[in-house]
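Me: I would like to learn how to read a structure like this one. Please show it to me first.

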Amino acid sequence: MRLLHTMLRVGNLQRSIDFYTQALGMKLLRTTDRPEQQYTLAFLGYGSNPEHAEIELTYNYGVDSYELGSAYGHIAIGVDSAAAVCEAVRAKTAELGGAVTREAGPIKGGNTIIAFITDPDGYKVELIERPEAASELN
């Protein structure tokens with residue numbers, strides 16, 4: 001078994017595509033529009049299945065926001081340098097409706113360096129310093 005994708009419901013599909021492609025360097029891999037069912041899907045990632053996991057953005061016609069609930073945590077992305085990525089994407093995330101919400105630094109009680117970015121819909125993206133598993137952001 002392997003993880004294929006994670007689905008996030010979004011209030012504005014193009015805004016979310018712009019955020020993940022322009023701020024986080026993902027590629028738009030494919031889209032599917034289902035007018036009869038009133039939804040559109042966009043799959044993004046740093047590569048396609050089956051070699052890479054993807055994010056599926058789901059836009060339900062006419063729904064512009066969701067309550068995230070208290071169970072959702074975050075998506076994690078491996079990077080060479082969390083501080084460098086924060087600095088590189090700070091202006092772009094603000095322009096696209098997101099924000100750097102935790103600057104790079106060690107986790108409480110440990111040495112792993114992390115940072116957090118929040119996307120336009122309020123979803124959290126954790127940046128974890130792991131040079132051996134780094135994304136294309138660096």
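Me: Which residue stands opposite threonine 58 in E4?

Reply: Leucine 41 does. This is a predicted model, where local features need pLDDT of at least 70, side-chain atom pairs count only at pLDDT 80 or more, and totals for chains, interfaces and linings use all residues. Residues are numbered from 1 along each chain as its sequence is written, and side-chain values use heavy atoms, without hydrogens and water.

Me: Which strands does E4 pair with, and in which directions do they run?

Reply: Strands (E) are DSSP runs of at least two residues, numbered from the N terminus. Two of them pair if DSSP finds at least two bridges between them. Here, strand E3 (residues 39-45) runs antiparallel to E4, with 6 bridges. Strand E1 (residues 5-9) runs parallel to E4, with 5 bridges. There, threonine 6 has isoleucine 55 as its bridge partner.

Me: How many residues of E4 are buried?

Reply: Buried means under 20% relative accessible area, exposed over 50%, and partly exposed in between (1.4 Å probe, protein chains only). In E4, 5 of 7 residues are buried.

Me: How many aromatic pairs does a search of the whole structure find?

Reply: Rings of Phe, Tyr and Trp (its six-membered ring) pair if their centres lie within 6.5 Å; planes under 30 degrees apart count as stacked, over 60 as edge-to-face, the rest as tilted. The search finds 3 pairs. One of them joins tyrosine 72 and tyrosine 123: centres 5.3 Å apart, planes at 75°, so edge-to-face. These two tyrosines are 51 residues apart in the chain. Tyrosine 72 is partly exposed, at 29%. Tyrosine 123 is buried, at 7%.

Notes
Helices (H or I, at least four residues) and strands (E, at least two) are DSSP runs, numbered from the N terminus.
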